[in-house]
Amino acid sequence: MNILLTLTLLSMGASLYTAFFYAPTEIVMGHVQRIFYFHMGSVWVATVAFTMVFISSIAYLKTQKRNWDILAYTSAELGVLFITLTIISGSIWAKPIWGVWWTWDPQLTATFILWVLYIVYLLLRSSAGSEVRKAKFAAVFAIIAFIDLPFVYISARVMRGVSPIVFGGGGGGIDPKMLVALFASLTAFSLLFVVILKYRYDLEKMSDEVAKLKLSGAS
Amino acid sequence: MNKVTAIIWKDIITELRTKEMFTSMFIFALVILVIFNFAFGFSADITPQASSAILWVAFSFAGMLGLGRSFALEMEGNAMLGLLLTPVDRSLIYLGKMIGNVLFMFIVEIIVLPLFVLFFNINVFEHAPSLLLTLALGTVGFVSVGTLFSAMAANTRLREVLLPLLLFPIVIPVIASSVKLTEAVLSGGGLTEASGSLKVLVAFDIIFVTTSAIVFEYIVED
């Protein structure tokens with residue numbers, strides 16, 4: 001655990017250094033483009049987190065093991081956190097580049113619905129009553145929500161016509177130094193995700209343990 | 001198949017005796033149309049784009065009302081337990097409840113349509129077949145996930161409050177595609193003008209009826 005923590009701190013430092021000093025300034029966008037490294041990092045982690053929610057939910061319904069439920073729950077929490085960061089960093093980038101904070105482009109629409117869906121997921125968990133029922137309902141909702149996402153994206157595309165914006169550091173050539181910065185950021189964000197997930201998972205385990213002890217103490 | 005029709009028939013008989021769900025859905029849809037008529041300043045001619053949106057707001061809100069009642073009804077007197085004790089596969093119970101809900105919502109839609117023509121002065125009858133197809137596809141998509149979530153919400157602490165929160169974000173593709181398709185039909189373009197939305201709608205219906213039927217058993221068993 002300590003090694004992982006050290007590695008995470010080191011990679012976060014490296015990511016900050018490469019994003020702000022090592023990578024060259026983008027010609028058209030200027031310094032604003034640097035927010036992109038963190039934007040990509042958080043959207044990457046959010047994608048991994050939501051995919052994990054989906055897989056653990058299926059695994060939970062199959063095995064009915066509490067561990068899968070904890071994994072789904074903690075991943076969903078982190079997914080919501082990182083997708084919020086994605087939306088905020090994206091808006092800060094969009095204001096100087098596009099001239100607006102927000103636009104109903106298919107990608108943004110899908111991201112927004114994604115954000116709403118997993119907040120509803122957390123709300124459902126807090127209102128479902130018993131532990132088993134909570135886990136089952138949440139798993140079913142997570143599966144439906146995940147399958148729904150492609151539909152949201154496609155229908156938004158059909159509504160608006162094809163999105164004109166090319167995301168990324170440019171379609172043609174990207175400076176290798178920028179790639180290094182991007183890679184450093186992805187590594188740092190991934191490690192950070194693993195660390196928080198680990199702590200959060202252990203915390204849930206402990207709270208289960210406490211609940212069990214309380215129950216045995218009462219009888 | 002007999003088992004499914006038995007469940008549908010049970011719901012229809014209950015409804016025929018009280019008529020409360022049907023009446024409330026219908027009146028609610030009507031009130032929404034009137035509110036929009038007020039909001040648009042009583043002008044008789046509005047664009048097909050606005051009118052199809054108004055139509056689907058009225059339908060989905062009325063449908064939500066019916067869905068909320070669908071499983072709350074089974075909770076009364078623990079009728080759900082009786083339903084589960086019958087020697088029927090869980091997915092068939094889902095199908096029965098779903099088809100019943102589709103029927104109720106569809107009938108409300110059929111009755112609201114002429115009134116819609118009356119209020120907004122839009123001729124829907126010349127495009128009747130494609131319009132009915134659009135309504136049917138949209139209704140199936142809306143109710144497929146709606147029936148599943150109705151069973152879920154009836155078992156939570158927040159009950160009916162939770163259902164719209166669960167359902168509306170999920171059915172955004174259905175409502176958006178239905179509005180687009182209705183708009184194409186009403187403006188005289190026909191279904192082919194919005195074939196993209198038609199495909200989305202058909203795919204949504206197939207995938208979500210299947211998925212909901214599979215996962216339904218996890219919702220109802222304790």
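In the predicted model, A:Ala142 touches A:Val53, A:Phe54, A:Ser57, A:Ala72 and A:Tyr121, when residues up to four places away in sequence are left aside. A:Ala142 also belongs to the largest nonpolar core, which numbers 122 residues. Within this core, A:Ala72, A:Phe141, A:Ala142 and B:Leu166 touch the most other members. Helix 5 of chain A, spanning residues 131-160, contributes the largest share of the core, namely 15 residues. In soluble globular proteins, nonpolar side chains tend to be buried together.

The architecture of chain A is given by six helices and zero strands. Along the sequence, the pattern of chain A reads α-α-α-α-α-α. Taken along the principal axes, the box filled by the C-alpha atoms of chain A is roughly 70 × 45 × 25 Å. Chain A has 219 residues, of which 37% are buried. Among the contacts in chain A with a separation of 6 or more, 80% join residues 24 or more positions apart.

A:Thr109 lies in helix 4 of chain A, which covers residues 106-127. This residue counts as buried because 21 C-beta neighbours lie inside 10 Å, and the threshold for a buried residue is 20 or more. Beyond residues up to four places away in sequence, A:Thr109 touches A:Trp104, A:Val152 and A:Ala156. A:Thr109 and A:Asp202 are separated by 93 residues in sequence, and their C-alpha atoms are 35 Å apart in space. With 14 other C-beta atoms within 10 Å, A:Gln64 is partly exposed. The phi angle of A:Gln64 is near 60 degrees, a positive value in a residue other than glycine. Most residues other than glycine have a negative phi.

A positive phi is also found in chain B, where the phi of B:Lys19, likewise a residue other than glycine, is near 60 degrees. B:Lys19 is placed in the loop between helix 1 and helix 2 (20-39) of chain B. B:Lys19 is exposed, since 10 other C-beta atoms lie within 10 Å and a residue with 12 or fewer is classed as exposed.

The packing of helices in chain B was then considered. Two packed helices are described by the angle between their axes and the distance between the axes. Helix 1 (residues 2-18) and helix 5 (residues 90-120) of chain B have axes that come within 8 Å and cross at roughly 45 degrees. Helix 1 of chain B and helix 5 of chain B are therefore oblique to each other, and the crossing of helix 1 of chain B and helix 5 of chain B is right-handed. On the side of helix 1 of chain B, the residues that meet helix 5 of chain B are B:Lys3, B:Val4, B:Ile7, B:Ile8, B:Asp11, B:Ile12 and B:Glu15. Their partners in helix 5 of chain B are B:Leu92, B:Ile93, B:Leu95, B:Gly96, B:Lys97, B:Ile99, B:Gly100 and B:Phe104. By class, this contact of helix 1 with helix 5 of chain B comprises nine nonpolar, two polar and four charged residues.

In a second pair, helix 7 and helix 8 of chain B pack at an angle of about 140 degrees, and their axes are 9 Å apart. This angle makes helix 7 of chain B oblique to helix 8 of chain B. The crossing of helix 7 and helix 8 of chain B is left-handed.

The contact between the two chains involves 26 residues from chain A and 25 residues from chain B. On the side of chain B that touches chain A, helix 6 (128-153), helix 7 (162-186) and helix 8 (195-220) of chain B each supply at least two residues. Helix 7 of chain B provides the largest share of this side, 10 residues. The side of chain B that touches chain A is made up of 17 nonpolar, six polar and two charged residues.

Technical notes. Residues numbered from 1 in each chain as written. Chains lettered and ligands numbered in written order. Contact = placed C-beta atoms within 7 Å. Helix = DSSP H or I, 4+ residues; strand = E, 2+ residues; numbered from the N terminus. Nonpolar A, V, L, I, M, F, W, Y, C, P; charged D, E, K, R; others polar. Core = buried A, V, L, I, M, F, W, Y, C linked by C-beta atoms within 7 Å. Axes fitted to C-alpha atoms, helices over the stretch in contact; angles between N-to-C directions. Parallel < 35°, antiparallel > 145°, perpendicular 65-115°, else oblique. Left-handed = near helix turned anticlockwise from the far one by under 90°.
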